[in-house]
Amino acid sequence: MSLTGAYDPDNIFAKIIRGEAPAVRIFEDDATLAFMDVFPQSEGHSLVVHKRSRARNLLEIEPDHLHELMDAVQRLARASAKALAPDAVLVSQFNGEAAGQTVFHLHFHVIPRWANRPLGRHAGGGMADRGRLEELAKKISAAA
């Protein structure tokens with residue numbers, strides 16, 4: 001998909017926000033939701049979405065919603081660092097299919113990194129064990 005187009009209200013993240021699709025939730029408030037990525041590139045890989053914005057990418061989001069979203073990204077990055085003690089935290093975001101975007105609901109990836117562990121391929125690994133995701137979410141949530 002290109003950088004322009006109509007928002008699909010049936011994308012997987014919209015369904016997760018509405019409670020129509022499962023997700024291992026870390027935290028949420030009125031505006032944002034943080035949850036575990038089911039195809040993680042690294043242990044603790046998580047995602048943050050805005051619950052009210054219908055922006056497909058960074059170019060479309062309303063400034064007030066972006067501010068709320070970035071506050072949640074920072075909160076999640078801090079909590080991941082505290083809970084998992086990685087060597088670094090990667091924050092990434094893709095705009096358009098050619099950039100690697102696979103779900104067209106604006107979202108940010110928060111990916112803990114360790115110097116001695118390779119990073120998996122974006123959207124290319126196997127599905128994670130739900131029990132392990134729940135354990136990680138609990139640790140990160142407690143640090144948020």
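Is L133 buried or exposed? L133 is buried, because its relative accessible area is 5% and the cut-off for burial is under 20%. The model described here is predicted.

**Surroundings of L133**

L133 belongs to helix α3, which covers residues 130-143. Leaving aside residues up to four places away in sequence, L133 touches V24, M36, D37, V38 and A128. H122 is 11 residues from L133 in sequence, and the C-alpha atoms of the two are 17 Å apart in space.

Strand β2 spans residues 32-36 and is mostly covered, with five of its five residues buried.

| Strand pair | Residues of the partner of β2 | Sense | Bridges |
|---|---|---|---|
| β1 and β2 | β1, residues 25-28 | antiparallel | three bridges |
| β2 and β3 | β3, residues 46-50 | antiparallel | five bridges |

Between β1 and β2 there are three residues, and the two strands form a hairpin. On this side, E28 has L33 of β2 as its bridge partner. Towards β3, T32 stands opposite H50.

**The chain as a whole**

The protein chain contains three helices and five strands, and their order along the sequence is α-β-β-β-α-β-β-α. Its radius of gyration is 14 Å, close to the 15 Å that the globule rule gives for 144 residues, so the chain is as compact as a globular protein of that length. Along the principal axes, the C-alpha atoms fill a box of roughly 40 × 30 × 25 Å.

Of the 144 residues, 44% count as buried. Among contacts with a sequence separation of 6 or more, 62% come from residues 24 or more positions apart.

The chain carries 17 positive and 18 negative side chains. The centres of these two sets lie 5 Å apart.

Technical notes
Residues numbered from 1 in each chain as written. Predicted model: local features only at pLDDT ≥ 70, side-chain atom pairs only at ≥ 80, totals over all residues. Heavy atoms only, no water. Helix = DSSP H or I, 4+ residues; strand = E, 2+ residues; numbered from the N terminus. Rg over C-alpha atoms; globule rule 2.2 N^0.38 Å. Buried < 20%, exposed > 50% of the residue type's maximum accessible area, 1.4 Å probe, protein only. Contact = heavy atoms within 4.5 Å. Lys, Arg positive; Asp, Glu negative; His and termini not counted. Charge placed at Lys NZ, Arg CZ, Asp CG, Glu CD. Pairing = 2+ DSSP bridges.
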